[in-house]
Amino acid sequence: MSVAFSRQLYKTLAIAAAVAFVYSSILAKLGRDWWSDENYSHGLLIPFVIAFVLWCERKGFSAARMTRAVWLGAIGVTFSFLALWAGTAGAELFVQRLSLVVMLASIAIYFYGLRVLRLIAVPMLLLLLAIPIPQIVFNKIAFPLQLFASRCAVGAMSLFGIPVLREGNIIEMMPRGASQPKKLAVVEACSGIRSLMTLVTLAVVYAYFTKPKVAHASACDSESQTPVRKWILGPEEPQTKVYATFAFWRSWTLVISAVPIAILTNALRVSGTGVLAHYCGTRVAEGFFHSFSGWVIYIAAAVMLFGTGWGLDRIAGLWRNDRGSGSGPLYRVLGRAVPRLLKN
């Protein structure tokens, strides 16, 4: 082991120990929240995922040419300490935890410069998604989701001809064979925010580990490009830039699509529960069936998310084939439309 490597290792361990000491109580409370709060139980896996992502990026850290940004990093560290002090004085856990994320990013910038943000963006985002949001914000998100799920349930039950009455997030219905109406409450746990937070985190992990590999090849030979093809594709550019652009938009599309997928699948779950409650009794809305249906719907949401990624990859594959051959279906459509537009 070289002397330089030993010094770097000791320096890294010393900084990590200092950060752990300063944020020890915050990290302990965060771990307890992950263990006890089902809305953020996925946070228990986040440290391991972050460690694996950093391990995968180890070659990027060693290959990248990075220069220190001392002043910018120092400003970030100072801001982190101020946020930690303000959060402690105001008893606001979210601000304290947010200061930890800013602190880690600022230390990285201090030693490696702004370019390091490209390598640590995914770990920082995963850590942010694992931090419980303030309760007031949580309620602002959860309650509209409860109302949306209850409206969908009432619409589905009306579609089946089931008499039903909704008051806010309370559904009043008459189960078949019952002598008295029953009430179903779409509570906070049924709002879908739990699956929303988990599915967005899954989308980030899925987008990272399935991102297209960058091909370091030149663009198509300019001699084989027709005028229409040049107009469509533009001037020659390295495929590296094309792949990087596609990977960026693919990642954001997956993360954003996780939101409607989680909301719609949860609404489907609540609607199915309401219909079954009419035919089988309100016991299906609690106990084993309630937990089992949650797992089934979450698996279905994950499959839809993976299907979205597969569809994006298929579209990109067709486009790449069109670019290479000049005779694919996408290219043929554009090749016919562009000259007509230019002529008009």
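Visitor: Which residues are in contact with Leu 199, leaving aside its neighbours within four places in sequence?

Guide: Contact here means heavy atoms within 4.5 Å. With the neighbours within four places left out, the partners of Leu 199 are Ala 258, Ile 261, Ala 262, Tyr 298, Ala 301, Ala 302 and Leu 305.

Visitor: What kind of model is this, and from which number are the residues counted?

Guide: The model is predicted, so that local features need pLDDT of at least 70 and side-chain atom pairs count only at pLDDT 80 or more, while totals for chains, interfaces and linings use all residues. Side-chain values use heavy atoms, with hydrogens and water left out, and along each chain, as its sequence is written, residues are numbered from 1.

Visitor: Why do the buried residues of α3 line one face of the helix?

Guide: Ile 46, Ile 50 and Val 53 are buried in α3, which spans residues 46-56. On the other side of α3, Phe 48 and Trp 55 are exposed, while the cover over the buried residues includes α7 and α9. Taking the directions from the helix axis to the C-beta atoms, the buried residues line one face because they fall within an arc of 60°.

Visitor: Is Ser 271 buried or exposed?

Guide: Ser 271 sits in helix α11, residues 239-280, and beyond four places in sequence touches Cys 152, Ala 153 and Ala 156. A polar atom of its side chain lies 2.8 Å from the backbone oxygen of Ala 267, which can be set against the polar-contact limit of 3.5 Å between N or O atoms, where one must be able to donate a hydrogen and the other to accept it, and residues adjacent in sequence count only if both atoms are side-chain atoms. Because the relative accessibility of Ser 271 is 9%, this residue counts as buried.

Visitor: How many disulfides does the structure hold?

Guide: Cys 152, in helix α8, counts as partly exposed because its relative accessibility is 25%, and Cys 56 does so at 34%. A disulfide would require a pair of cysteine sulfur atoms within 2.5 Å. In this structure the number of disulfides is zero.

Visitor: Which residue takes a positive phi in the hairpin of β1 and β2?

Guide: Strands count as paired if DSSP finds at least two bridges between them, and four bridges join β1, residues 164-167, to β2, residues 170-173, in an antiparallel arrangement. Glu 167 stands opposite Ile 170 in β2. Two residues lie between the strands, and the one with a positive phi near 70° is Gly 168.

How values were computed: Buried < 20%, exposed > 50% of the residue type's maximum accessible area, 1.4 Å probe, protein only.
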